Amino acid sequence: MNDREKFLFDLNGYLVLEDVLTHAEVAAANAAIEHHADLISNRETGLSGNAAKLKGGEGRGEFSQNPLTFQHPWCDPFRRMFTHPRLIDVFNEVLGPGFRLDHGPGLIRMQRGTEGHRLHGGMTFDPSQYHSFSHGRMHAGLCVAAWQLTDVRAGDGGFVCIPGSHKANYRPPMEVLRLEQDWGCVHQVVAGAGSVLFFNEALVHGTLPWQPADRERRSILFKFSPGHISWGSPHAQCPIADPTPEEEALYAPPRRSGRTELRGSES
Ligand SMILES: O=C(O)CCC(=O)C(=O)O
């Protein structure tokens with residue numbers, strides 16, 4: 001992670017790295033999603049109650065199977081994302097060496113008119129979702145790598161957040177979280193196909209309904225925790241039939257010591 005990336009992640013609670021996947025990698029991931037379209041089902045609508053700006057005609061589409069367990073070659077694009085050197089590099093810095101997969105990967109598929117989700121995260125003391133700075137470096141709890149497989153442009157909808165709110169001391173009222181009052185602080189994040197959006201779950205964030213008719217939103221989310229804690233139930237074992245040592249290490253249960261430090265890339 002270079003100085004610019006550290007500065008922006010610490011400041012805002014999120015960071016977009018563009019062009020991390022090649023065009024061929026994005027195309028292969030999209031082909032794998034299309035090949036497994038029968039495994040995608042839409043959630044019930046109503047994630048945000050009756051919040052008018054978040055309503056939509058259908059719920060978001062999600063995979064019913066972990067894409068890391070697809071047959072070759074369909075799992076390959078997701079396995080590339082899972083242990084991508086840039087991801088390892090960022091989470092070695094933010095979560096610390098020995099970080100682990102907490103849950104996911106999951107797909108968010110949105111079509112025109114798919115509903116949003118009210119803002120959530122942060123604002124209370126939560127020992128599994130936090131941001132702090134001490135001894136010269138950031139320390140974070142549960143964080144997300146959200147790979148973008150289609151372009152997200154200004155006005156499209158999708159991921160929104162209140163930048164810097166992972167460090168905020170006051171709780172915004174429910175009217176702001178439901179977008180019923182505009183305090184001028186909610187920001188829609190723009191990210192191209194092939195980019196990865198990193199964010200801290202302590203950041204106040206949510207989802208706007210998807211607007212484009214010519215493009216689905218397709219995002220693959222991996223959620224990671226520091227090596228000693230778990231937000232979700234720890235995995236009993238790595239579900240990948242032929243795991244690499246890196247994949248096994250990322251599926252290891254929470255433990256303070258003796259964890260494998262993975263190597264990232266020079267950024
Ligand atoms: O990507 C999104 O639209 C929001 C994801 C989200 O709310 C979460 O992962 O907690």
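**Burial and charge pairing in a predicted model**

Visitor: What makes Glu-93 stand without a salt bridge, although it is buried?

Guide: In this predicted model, Glu-93 is buried yet has no salt bridge, and the nearest side chain of opposite charge, Arg-137, is 4.0 Å away. Glu-93 belongs to helix α4. Not counting residues up to four places away in sequence, Glu-93 touches Met-1, Lys-6, Arg-137 and Met-138.

Visitor: Why is the link between Glu-5 and Arg-86 called a salt bridge?

Guide: The criterion is a side-chain nitrogen of Lys or Arg within 4 Å of a carboxyl oxygen of Asp or Glu. The N to O distance for Glu-5 and Arg-86 is 2.9 Å, and therefore the pair qualifies as a salt bridge. This pair links distant parts of the chain, with Glu-5 in helix α1 (residues 3-12) and Arg-86 in helix α4 (residues 85-94), 81 residues apart. Both Glu-5 and Arg-86 are buried. A network of salt bridges links Glu-5, Arg-86 and Asp-89.

Visitor: How do you know that Lys-223 and Glu-201 count as buried?

Guide: Buried means under 20% relative accessible area. Lys-223 has 18% relative accessibility, so Lys-223 counts as buried. Glu-201 has 7%, so Glu-201 counts as buried too. Their side chains meet in a salt bridge, with 2.8 Å from N to O. Lys-223 is in strand β13 (residues 217-225), while Glu-201 is in the loop between β11 (196-200) and β12 (205-208), and the two are 22 residues apart.

Visitor: What makes Asp-214 exposed or buried, and what of Arg-215?

Guide: The cut-off for exposed is over 50% relative accessible area. Asp-214 has 60%, so Asp-214 is exposed. Arg-215 has 14%, which is under 20%, so Arg-215 counts as buried.

Visitor: Why is Gly-157 called buried?

Guide: Gly-157 has a relative accessible area of 4%, which is under 20%, so Gly-157 is buried. Gly-157 is found in the loop between β8 (143-148) and β9 (158-161). Leaving aside neighbours within four places in sequence, Gly-157 is in contact with Val-152, Gln-188, Leu-208, Pro-209 and Trp-210. Phe-78, which is 79 residues from Gly-157 in sequence, is 24 Å away in space, C-alpha to C-alpha.

Visitor: How do you know that the chain is as compact as a globular protein of its length?

Guide: The secondary structure of the chain comes to six helices and 13 strands. The radius of gyration is 18 Å, close to the 18 Å that the globule rule gives for 267 residues, so the chain is as compact as a globular protein of that length. The C-alpha atoms fill a box of roughly 50 × 45 × 35 Å along the principal axes.

Visitor: What share of the residues counts as buried, and what share of contacts joins residues at least 24 apart?

Guide: Of the 267 residues, 52% count as buried. Among contacts between residues at least 6 apart in sequence, 84% join residues at least 24 apart. The accessible surface comes to about 12300 Å², of which 50% belongs to carbon and sulfur atoms.

Visitor: How many side chains are positive and how many negative?

Guide: The chain has 26 positive and 31 negative side chains, and the centres of the two sets lie 4 Å apart.

Definitions and conventions: Residues numbered from 1 in each chain as written. Predicted model: local features only at pLDDT ≥ 70, side-chain atom pairs only at ≥ 80, totals over all residues. Heavy atoms only, no water. Helix = DSSP H or I, 4+ residues; strand = E, 2+ residues; numbered from the N terminus. Rg over C-alpha atoms; globule rule 2.2 N^0.38 Å. Buried < 20%, exposed > 50% of the residue type's maximum accessible area, 1.4 Å probe, protein only. Contact = heavy atoms within 4.5 Å. Areas by Shrake-Rupley, 256 points an atom, 1.4 Å probe, with all protein chains shown as cover. Lys, Arg positive; Asp, Glu negative; His and termini not counted. Charge placed at Lys NZ, Arg CZ, Asp CG, Glu CD.
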